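My notes follow the order in which I checked them.

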Amino acid sequence: MVRVAVVGVNNIGRRHCAIYDQCPDTELVAVCDLVETRVAQAAAEFQTKAYTDLGTLLREEDVDVVSIATSGVEGGSHHYAPAMLAIEAGKDVLVEKPLSNDLDEAVTMVQRAREKGVRLACDLNHRFVPAAYKGKELIDKGNLGELLFVNMRLTIRNPNESSPWFHMRALHQHSIDVMRYFAGDIARVQAFMVKAPGRSVWSTCSINMQFTSGAVGHLTGSYDMSMRHPIEFCEVAGNRGRFVIDNVYENFCFYPHDQDELLVQRNPLFGGIGNFHETMANRIHHFIHQIQENVAPDRIEGSGKDALAAQRVIEAAIQSQLQNGAVIDVENMR
């Protein structure tokens with residue numbers, strides 16, 4: 001059994017707790033939150049111990065993994081302090097995205113985890129679905145040939161006006177991670193953004209990318225769309241074929257260039273992913289499985305290093321917008 005503590009037990013943190021509570025390979029040892037009433041309710045719901053101080057929890061409880069679901073500005077400003085406490089204590093850590101809304105903090109988290117030899121993972125759940133696995137399998141087998149382009153779209157509704165860059169930093173770790181999962185590191189970025197009517201933040205973006213392989217890519221993102229319709233589309237193409245993933249996990253179709261037959265994989269009605277929140281369970285279960293398999297920290301999938309790489313792309317896009325659509329080298333983002 002992998003012994004887990006969850007830090008931050010508001011909406012997303014409650015989902016973490018439920019996943020660990022229902023997983024046969026984990027024991028939810030404790031929950032932690034600065035708000036006493038909230039952590040007491042979570043502890044009662046999941047029949048575990050409540051703490052309002054993570055340092056005390058780490059001293060008093062024997063835990064293997066700390067799962068951090070705090071929030072903060074742009075969804076990530078409250079991640080750094082608890083993550084560093086857990087890393088320094090030698091615990092494996094899973095952090096909600098983004099690692100931090102501050103790039104320097106994210107760099108420090110990844111560096112310190114590497115120095116301490118602990119596993120640092122991020123909840124990049126959009127890649128942990130059968131459709132993405134199938135796409136990666138076909139790429140690795142050479143069915144697509146040499147990759148040429150990746151088109152990605154991730155659009156939802158979020159009226160939050162907390163900062164000019166909230167849309168970029170809070171959402172697009174997911175989309176950029178999916179693009180990197182299929183096509184590797186991104187070398188250069190050019191971004192254009194717009195504020196929807198009535199908005200004060202850059203709520204819709206168009207980002208051109210060039211991968212280090214030479215392939216090109218494009219991301220369209222928006223916080224101005226509807227939650228009633230498909231939110232995500234991904235198209236990956238090479239010189240031998242291309243595939244399309246509709247709405248994260250709903251449908252996968254591979255189009256080989258030289259034959260009429262298509263390879264189609266659908267999300268089954270029975271036994272498939274029932275709703276989007278189950279992708280988070282897939283991600284967490286995968287992390288626990290890798291811990292049980294004693295996977296080395298530098299081999300963790302959806303790692304802190306992956307999240308940091310996506311964050312650098314986001315910061316490059318922000319710089320491009322600030323510089324009137326200039327092309328920005330991602331490697332220059334510290």
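Which residues does the UniProt annotation "domain: Gfo/Idh/MocA-like oxidoreductase N-terminal" cover? I noted that the model is a predicted one. The annotation, from an unreviewed entry, covers residues 2-121. Over that stretch I read 44% helix and 22% strand. The C-alpha atoms at the ends of residues 2-121 are 15 Å apart.

Next, the cysteines. I searched the whole structure for disulfides and the count was zero. Cys 23 is in no disulfide, and the nearest cysteine sulfur, that of Cys 17, is 13 Å away. Cys 23 is buried, at a relative accessible area of 8%. I then looked up Cys 122. Its closest cysteine sulfur is in Cys 17, 18 Å away, which is too far for a bond. A disulfide here would need the sulfur atoms within 2.5 Å. Cys 122 is also buried, with 0% relative accessibility.

Then I turned to the nonpolar cores. Which residues of the largest one touch the most other members? That core has 83 residues, and I listed Leu 57, Phe 182, Val 189, Ile 207, Met 209, Val 236 and Phe 243. Helix H7, residues 166-183, gives the most to this core, with 10 residues. Apart from that core I found another, of 24 residues, including Ala 42, Phe 46, Ala 121 and Ile 300.

I looked at Met 209 in detail. Leaving out residues up to four places away in sequence, I recorded contacts of Met 209 with Ile 176, Met 179, Ile 186, Arg 188, Val 189, Ala 215, Val 216, Gly 217, Leu 219 and Val 313.

Key: Residues are numbered from 1 along each chain as its sequence is written. This is a predicted model: local features need pLDDT of at least 70, side-chain atom pairs count only at pLDDT 80 or more; totals for chains, interfaces and linings use all residues. Side-chain values use heavy atoms; hydrogens and water are left out. Buried means under 20% relative accessible area, exposed over 50%, partly exposed in between (1.4 Å probe, protein chains only). A nonpolar core is a set of buried Ala, Val, Leu, Ile, Met, Phe, Trp, Tyr and Cys residues joined through side-chain atoms within 4.5 Å. Helices (H or I, at least four residues) and strands (E, at least two) are DSSP runs, numbered from the N terminus. Contact means heavy atoms within 4.5 Å. UniProt positions are given in the numbering used here, feature names are shortened, and annotations may be inferred rather than shown by experiment.
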